[in-house]
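Please look through the sequence and the model shown here before reading on.

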Amino acid sequence: MLRIAIPNKGSLSGPAGEMLHEAGYQQRRESKELRIVDPENEVEFFYLRPRDIAIYVSSGRLDIGITGRDLLVDSGADAEEILPLGFARSTFRFATKPGTAGGVEDLKGMTVATSYEGIVARHLADHGIDASVVHLDGAVETAIELGVAEVIADVVETGTSLRNAGLEVIGEPIMKS
């Protein structure tokens, strides 16, 4: 039986479930179901936090999973992207108050708040930038206003929440999801 991890919530959950349903796979009826078996297709689905999926696949306990490229890369898990599915398109970017920095080269000595510490630390190191990285679990755009960091790095689809927080995107994308 094939064991597949599916995001239990978030922007990937709906499109992943719809795609699998359209392909003829049985899907959960209630959002609280964490595991279902589709005996007709010989598949067992596990509904997990998107951030954890790469770890489960890497451990060999699950055969395949659907998660974001950003979460896969940030996890450091020994798993590989097989196929981009084309939903939940977003870009991973730096943002700050206008006039603070123009690009990654200006971040030297600054503190960057993010939910993706692994990706940001590697990106800064790859560019020879010595900056501090602070891990936050979400709503990183408030980190600047609260004085936790001068810059944030986050996944954005439209940038509306950044603009609403008075921030501007700087530099080139860190990665595209």
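In this predicted model, Arg-51 counts as partly exposed, with a relative accessibility of 29%. Arg-51 forms a salt bridge with Asp-74, and the closest N and O atoms of the two are 3.1 Å apart. Since Arg-51 belongs to helix α2 (residues 50-59) and Asp-74 to helix α3 (residues 69-75), the pair ties together parts that are 23 residues apart in sequence. Asp-74, for its part, is buried, its relative accessible area being 14%, which is under the 20% that sets the limit for buried residues.

Helix α3 also holds Arg-69, whose partner Glu-81 lies in the loop between α3 and β5, so this pair joins parts that are twelve residues apart in sequence. The closest N and O atoms of Arg-69 and Glu-81 are 2.8 Å apart; Arg-69 is partly exposed at 27% relative accessibility, and Glu-81 is partly exposed as well, at 36%.

A further salt bridge brings together the side chains of Glu-44 and Arg-3. Glu-44 lies in strand β3 (residues 43-48) and Arg-3 in strand β1 (residues 2-7), so the parts tied together here are 41 residues apart in sequence. Glu-44 counts as buried at 9% relative accessibility, whereas Arg-3, at 30%, counts as partly exposed. Arg-3 and Glu-44 are also linked with Arg-35 in a network of salt bridges. The count for the model comes to four salt bridges, among them the three pairs in this table.

| Salt bridge | N to O distance |
|---|---|
| Arg-3 and Glu-44 | 4.0 Å |
| Arg-51 and Asp-74 | 3.1 Å |
| Arg-69 and Glu-81 | 2.8 Å |

Among contacts with a separation of 6 or more, 57% come from residues 24 or more positions apart. The chain carries 17 positive and 28 negative side chains, and the centres of these two sets lie 3 Å apart.

Terms used:
Residues numbered from 1 in each chain as written. Predicted model: local features only at pLDDT ≥ 70, side-chain atom pairs only at ≥ 80, totals over all residues. Heavy atoms only, no water. Contact = heavy atoms within 4.5 Å. Lys, Arg positive; Asp, Glu negative; His and termini not counted. Charge placed at Lys NZ, Arg CZ, Asp CG, Glu CD. Helix = DSSP H or I, 4+ residues; strand = E, 2+ residues; numbered from the N terminus. Buried < 20%, exposed > 50% of the residue type's maximum accessible area, 1.4 Å probe, protein only.
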